[in-house]
Amino acid sequence: MRPLTDDETKVLFEKLAKYIARNIIHLIDRPDEPYCFRLQKDRVYYVSESNMRRATAIGRKNLVSLGICFGKFTKTGKFRLHITALQYLAQYAKYKVWIKPNGEMPFLYGNHVVKAHIGRVTEDIPEHQGVVIYNMADVPLGFGVSARSTVDMRKVDPTGIAVFHQADNGEYLREEDALF
Amino acid sequence: MNYEQNLRRFEQTEKKPKLTNRLPIKTADGRLALPENSDEENDDISDSAHTDGESSVGGEQSAEEQHSTLEVDSDGDEDQEVSTRPSYTETKLEEQDDYVIEPDRSRMTRKQYIIAQQNRLAVIADAIMQDPDNGVKYLKTLHNISSDVDPRVKRLGLLTQLAVFCDILPEYRIRELTEKEQQAKVTKDVRQQRMHEEQLVHSYSNYLKQLFTASKQALKVFANPSADIETGIVAARALGNLINVRPLFNFRKDILSALVDIYTARLAVLRLFRDDVSGELSQNAVMLAAKRIKRLSYRVDPSALRPWLHLRLREELRENPEDRKRKDEEQRQREQPKRALHMSKKQAKMRKVQQDVDKSLVEAEAEVSREEREKWYGETLKQVFITYFRILKQKDNIGGLLPAVLEGLAKYAHLISVEFFVDLFQLLKKIMRGQHGVGIGAEESEHGEDLVSSRVGLRTALLCILSALHILTGQGEALNLDIKDFFYQLYALLPPLAARPQIEATQATWEETVRSESDLLFECLQLMFLGRTKVSSITRVAAFCKRIAECALCWPPKTAVRAIEFMHRLLIKYPALDRLLSSEEQAGCGLYLRDLDDPDMCNPFATCLFELHWLQIHYHAGVQAATARLLNFAKTEQKKHRL
C-alpha cells in the first residue's frame, strides 16, 4: 500500500472529474474525517485516514482490500473506474440519466442505454461526458458515457444509443471473481 | 306640497321681472314686435352661469350687456325663420346660429369668455347630434374653437369634438373613391351620401391633426418647459378613446403610431388588445411599438412592454371548440353525399340555392376565420419574441427592462419553439447568476463561485426561474429535462429571500399590481415540486423542505403560513419525507451541510425539521394553527405506517 504518485493522481482525478467535476473537493475535504486515496496492487482505494493507519500493520502481500475500491490502473497506465465507486459517483454526479423500468434490465445485463429507455436527463449534458444512471426511483444503477449531447438526444430515433455502458450493478454477479 | 321642504332661493337669484332694454324690431312683413320670449332660455343659462362664476361686478355688467347686444343682432333672422319655417328642429338649428359667432374676447374676463365658449360648444354639439347628416358643417366651427388661444377652451373643444366624433363616426372604414367610381353616374342620394362621408373624413382628419400636434408639443416638454402638458394629456386620452370606440375607422394606423409614443395612452392600447377580434389591430400596434423600441435602441421605459402582457396570444393560438365543431360538420357533410340517395334535379337545385344562402350568411355575420386570426397573431408573436430576445441579448441595459421581458416570456413560454430552448436556457442562467451584463468577461462566468449575485435583483432571478419553468411545463415536458441549475439557484435564493422583510410588498403600477416576490417564489416552488411529474431526487425535495422551514421562521406571517402549507402538500406528495419528522426510524449518516447551496449534496436526512416546533410557538396564531395541522398530519401518517 502506498500513496499515489503525482502522475497517478492526475490520471485518477481527470477520470473522476468527468463524472463529478469540481465535487472532487467534497471527496477529500470531508467535514467528518479526512479521507485519502491509496494504491494497493494496482487498485486505488478511497479510505479514511484512521483506517489507513490501521492497515499499515498488514503486509503488502497479505492485504486484500481496504476502504472502497475506486478502480484500477491498467498496464498501459490508464485508470479504469469500477462499479464499487458508484456510491460516491452517484452522490456527487454532475450529469444524470434516469431510465424507465423497461430499460433497467437491459442496462443491468451490460447493454448500452437506448433512447427509448430514457425517462429523464439532466438538461445540459455535453457529448462524451460521464453520466450516472439511475432508475426512476432514483436508485443508482451504474454509469456510462453520453453518446450525444442532451440537445441531440432529442433528434435520435428510439433505438439509437444515448449512453455508452461502462459499469453497472450486474457486475457484482458477473465479475465476482475479478472485481476484488 | 309641503312648503317647508321646498328648496329656497336667495333673493338675488329669484326671477326678476323681465326687463328688456332692447328696441322693438320691424319684421319682414312690417309688423313691429317686441323681442320678448324668443330666447328666454338662453338668457337663463347665461344668467345662472354668470352667477356661478366669481362675481366681479363691473365686468359682469358689461358682459351681460354685450351678450344681449349679440342676441339682438341675430334676433331678427330668428323671428323670420320662425315665421317662414315651422319645422321644430330646423328652428332649433338656426336659432343657435348666434352661437356660431365668436364672443369677443377683449371685452370680457377670462372666466366669462370660457363660459361663453362652453355654451357655444354645448349648443353646437347638441345640434350636430340631433341631425348628424346636416350637422357635419358645424364640425368646422368646433374645430375653430378648439384651436383657440386659451388652453382651457382648447381642451374643452377637443373633448367636445371627441364626444361628437365618438357618436357620429360609422363602424366601418370609409374608403376613397376610385376614379372610375367618381366618373360613374350615381343617384342623388348616393352623391349626397358620398359628399357627407367625404366631409366627415376631412373634418375627422383635421381633428386628428389637432390632437397629434397637441400631444407632440406636450412630449417636447423637456426641451421647452412652457409646453402645454395638460392639453397634451387630454389629446392623448382622446386618441385612446377614439381607437377604442371606432377601431375600424380611417386613420387607424396614424393614431396607433401616435399612441405608441405616449405613456398615458397605454391603457387604451391595452383595452384595444383585449377587445381585438381579428388580431389585425394588435399586430399593427405591436409592430409599431417594436419598431419604436428598436429605434430607441432598447432604451425605453419598462412600462412600454407591459401592454404586451395583455395580448390575447394565449387563447387565440389554440384551436377553439367552436371552430372544431364547424370543421367536423363540414367533414360530415363532405362524406354524406357519397352515401346519400340519388337526388332529383329539383332537389339538387334547391340544395345549391341553400348553399349559396348559407355562404352569404356566413359573410354577413362577419366572423373572423381561424386562419385569419392565426395569421395575424402569428405575426404579432414573431414581433414580440424578436423584441424580447433582442432585449435579453443586449448587454448594457440590464436595468428595468428585464423583469418586463421575463414576465412576458413566462406568459408566452408555451409558444416558443423548441429550437430556441438551449440558447434561452443558457441566457436565463447567465442572467440569474448576474454573469450577463456590463463589464463581465466570459472567462469569469466559468468560475463564478456564488450562485447569488448582488448584480441581479432577487425579483429578476425569480422571474428567470419562473420563465424557465413555464417553458418546460409548456412543452418541454416531452423532453423530460432535469433543470438542475434552476433548482440550485432557487435553493440558493431562499436565504436572501428570508432576510427580506418586504417580500410581500406588491408594487402598484398604472395597470395593475405587480406580483410580490412571495407570490413568485411559491409559484416557482409549486411548478417545481407539485407539478404533474414527481421530482426524482427525494434528497432534493427534503433539502428544500428543510430550508423552507428555516426560512419560515423569519418570514412575515402570511408568507410563513404559505410556506407551511406548501410543506404540508410536499409531505402528502412525497411520503418519503417522513424521515425528516421522525428521528426514531432511521438516522442518516454524515452531517447536514446547512450552508451548502447544493440541495443534492447537503445531506438533509441527517437532520430533522425541528423548526416546526419553534413555529408552534410562533407569535402569530395563523402560523401556529398551520403548523399544528401539519404536525397532526405527520403523526397520523406515522401511526398508519406502524400499523
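1. In chain A, five strands make up an open sheet in the order β1-β2-β3-β4-β5, with antiparallel pairing; two strands count as paired if DSSP finds at least two bridges between them, and strands (E, at least two residues) and helices (H or I, at least four) are DSSP runs numbered from the N terminus. The edge strands, each pairing on one side only, are β1 (2-3) and β5 (79-81) of chain A.

2. This is a predicted model, in which local features need pLDDT of at least 70 and side-chain atom pairs count only at pLDDT 80 or more, while totals for chains, interfaces and linings use all residues. Residues are numbered from 1 along each chain as its sequence is written, and chains are lettered from A and ligands numbered from 1 in the order in which they are written.

3. Within the sheet, strand β2 (residues 35-40) and strand β3 (residues 43-48) of chain A run antiparallel and are joined by six bridges, and R38(A) has Y45(A) of β3(A) as its bridge partner. Helix α1 (residues 6-20) of chain A packs on the sheet, where it touches β2, β3, β4 (68-73) and β5 of chain A, and its direction makes about 40 degrees with that of β5(A); such angles run from 0 to 180 degrees between N-to-C directions, with axes fitted to C-alpha atoms, for helices over the stretch in contact.

4. The largest nonpolar core has 156 residues, and those with the most contacts inside it are L89(A), I133(A), I465(B) and C545(B); a nonpolar core is a set of buried Ala, Val, Leu, Ile, Met, Phe, Trp, Tyr and Cys residues joined through C-beta atoms within 7 Å. Helix α22 (residues 458-474) of chain B gives the most to this core, with 10 residues. Leaving aside neighbours within four places in sequence, the contacts of I133(A) (C-beta atoms, placed from the backbone, within 7 Å) include V97(A), I99(A), F107(A) and V163(A).

5. Helix α19 (residues 401-411) of chain B is mostly covered, nine of its 11 residues being buried, among them L401(B), E407(B) and G408(B). A residue is buried if 20 or more other C-beta atoms lie within 10 Å of its own, exposed if 12 or fewer, and partly exposed in between.

6. Q166(A), found in strand β11 (residues 161-168) of chain A, is partly exposed because 18 other C-beta atoms lie within 10 Å. Not counting residues up to four places away in sequence, Q166(A) touches F143(A), G144(A) and V145(A).

Technical notes. Contact = placed C-beta atoms within 7 Å.
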